[in-house]
Amino acid sequence: MYIKKVAPPSGLLEEIEGSVQGHRDGHGFLIRDNGESDIYLSPNEMRAVLHKDRVKVRIVRQDRKGRPEGRIVEIVERPEQPIIGRLLHEGGLWLVAPEDKRYGQDVMIPKGATGTAKPGQVVVVELTEPPALFGQPVGRVKEVLGEIDDPGMEIEIAVRKYSVPHAFSAACLDQAKGLPDKVLAKDRKDRVDLRDVPLVTIDGEDARDFDDAVYCEPAKVGRGKGWRLLVAIADVSHYVQTGSAIDIDAYDRATSVYFPRRVIPMLPEKLSNGLCSLNPDVDRLCMVCDMLVNAKGDVHAYQFYPAVMHSHARFTYTEVAAILANTRGPEAAKRKARVTDLMNLQDVYKALLSSRAVRGAVDFETTETQIVCDESGRIEKIVPRVRNEAHRLIEEAMLAANVCSADFIQQGKHPGLFRVHEGPTAEKKDILRNYLKALGLGMNISDEPHTSEFQKIVLATKDRPDAQQIHTMLLRSMQQAIYTPINSGHFGLAYEAYTHFTSPIRRYPDLLVHRVIKSILLGRKYTLPSLPVRGAAHANLSKRLEKSRAAKGDFPESPAPRVRMSAGDQRAWEAAGLHCSANERRADEASRDVEAWLKCKYMREHLGEEYSGVVSAATSFGIFVTLDALYVEGLVHITELGGEYFRFDELRQELRGERTGIRYAIGSRVQVQVSRVDLDGRKIDFRLVHPGDDLVPRAMRDKGVLAQGDEGRGKKRGAADRRLAEAERNRSPIQALKASVKKAVAKKKGQRTTKPRR
């Protein structure tokens, strides 16, 4: 008997490399290096690997949801990663339950490897044996953090969970000790003396480091009226020399990390709060961007120079806003000598703002929140950060200085780091176009959209009841900004060239920009030191850059002039940019993790209470709701929306009931009850409260169905659908949006394949 040999389906023998993304329910996904759709990994496959492992997989089938399912064929790399969790003693065995549930397995701790840790304490574990198909991972206790309810424990966990450097090296601290306590006479040599110019700092009430100061006076610009605007920035580069011990630690951190009640600074305190902080009534070294701004808000001319300054006042945003609102009020009376200067700053701000409007820069009004804690670290309240005119005044001044620094680097033909924000990808443009078309706005974006197109949509829809939904979709269609030596402009701000110059105390890219500007002023070339680069985030961003470059060529068309550099210089600057971009994301993730932990702990005290809120995201598995009073976001799972079947509309980004026609989209108002809080998973669940909600009868009337007295329960969700929805419940709004974008684009590609456009 002959047996016919059948070739396996195309692609099944291909080995695909990527990073493992664990899931708290035991399964996982392979995040492909090439950016294509994720590959599902079953719980059985996940037993032998850990979250963040780099592996090769082979696609073996499609799961019930149509996703490619993989089998792991090789573990390529197991990065050194400490696991944080609580030490447990059960049935005579010691084990650590990971705080990050994406690891999926408890770690066994042999007797004698627990150190001084006690049951229930939070510990850091170092693996000694990796997981296997039929065996759990084994490790030893490396560090004891303390009890779970200790003040600040959430921060201790986060800095280790995200590998945030939180202790300066001994060499760095020794070097910092050797720095002077004040500006020395020799340091003032070859600098412009601005100590008689009344530069002032304007910051928040809780600010501890002051890295920028401003001054403005009327001036004749060309033949018309205008202003001379000075932006003075702390000269960190004078004290932090390239390749020094302080520089190595600063590069490793790349940014300061801000948590409620605690900051992990990029520089030692002697610099960040002392020598490099523009404190009032003391001499400080600075780099100055000295600009002439015309009446239209355009920078007519500028120059950079090193200087020595003496801050004449430390203002807060609240104080400046009050003075500008009433120049004869009590706040103005206390600062009489500086009121005219502040009014000049307000005048140049208004001119710069008009220039922003002409450029068409997009301006989204978003609500940022601030967590207010008591002495023990417990949340007292969560309040919105109110942006007043003083915030915007400083923001426009800093933007102007950053644009000048980017132009100066380009005119000097010197390599450096630009802050690049590219327009939407093809996939995001597709989903946004379909969304706008589905709404029937009569407005859309072009194939090569300009920022002004987005701003026109913002302005045209600002008074609509669904304005929040539309603006959120516009914002989410944009890419994240990165640091790179290849300038392709800043899409959101509508600048041909942009960089970061104004915060060298807390951002390493700004420190590099200062060094480049100084080198150009001296007629020299700045060479990057050989500093270490590490981290999975760096690798992921590197692959994203390669993919983007492959799509549009090494040097995409741009109206901005390009800086020519050698291949070696380009590689070095790209590595520095990727490192800084990756660590910026790491800092954001760690901060969000701590805020989520604090909010969950806070909401445990409000279980069962009812609140009004607004839908902040709609997904296939439910709706995310942000509470009005508390500014806390939680999930109303699709099984809690009522007794009918809800279908997710990808184009309109909304859930719609099949029987009643009720719709839940971004901006919909709802009443919810706090039903569940998962501290370990950083998740809050709400239950929809129906009494008093007029959405159902309104939707029923729209469908021509009588709502009153209708007892029908509609179509029931099957058990299989419930299980599938449950598996999705832990996705974040951003993850859900990305999944829906991929699905919509894949669906559209499928339609094009079967029915090509003519």
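The model is predicted, so local features need pLDDT of at least 70 and side-chain atom pairs count only at pLDDT 80 or more, while totals for chains, interfaces and linings use all residues. Residues are numbered from 1 along each chain as its sequence is written, and side-chain values use heavy atoms, with hydrogens and water left out.

**Fold and surface**
- The protein chain has 19 helices and 31 strands, taken as DSSP runs (H or I of at least four residues for helices, E of at least two for strands).
- Among contacts (heavy atoms within 4.5 Å) between residues at least 6 apart in sequence, 68% join residues at least 24 apart.
- Of the chain's 758 residues, 51% count as buried, meaning under 20% relative accessible area with a 1.4 Å probe and protein chains only.
- The accessible surface comes to about 36,700 Å², of which carbon and sulfur atoms hold 50%, by the Shrake-Rupley method with a 1.4 Å probe.

**Cysteines**
- A search of the whole structure finds zero disulfides, that is, pairs of cysteine sulfur atoms within 2.5 Å.
- Cysteine 216 is buried at a relative accessible area of 0%, and cysteine 276 also counts as buried, at 2%.

**Cavities**
- Five cavities of 30 Å³ or more are present, each a set of points on a 1 Å grid over the protein atoms alone where a 1.4 Å probe fits but cannot get out.
- The largest cavity holds about 70 Å³ of space, and its lining residues (an atom within 4 Å of a point) include Lys52, Ile84, Asp100 and Tyr103.
- By class, that lining has five nonpolar, no polar and four charged residues.

Key
Buried means under 20% relative accessible area, exposed over 50%, partly exposed in between (1.4 Å probe, protein chains only). On a 1 Å grid over the protein atoms alone, a cavity is a set of points where a 1.4 Å probe fits but cannot get out, and a pocket is an open set with protein on both sides within 12 Å along at least five of seven lines; lining residues have an atom within 4 Å of a point. Grid points are joined across faces, edges and corners, and a volume is the space filled by probe spheres set on the points. Ala, Val, Leu, Ile, Met, Phe, Trp, Tyr, Cys and Pro count as nonpolar, Asp, Glu, Lys and Arg as charged, and the others, Gly among them, as polar.
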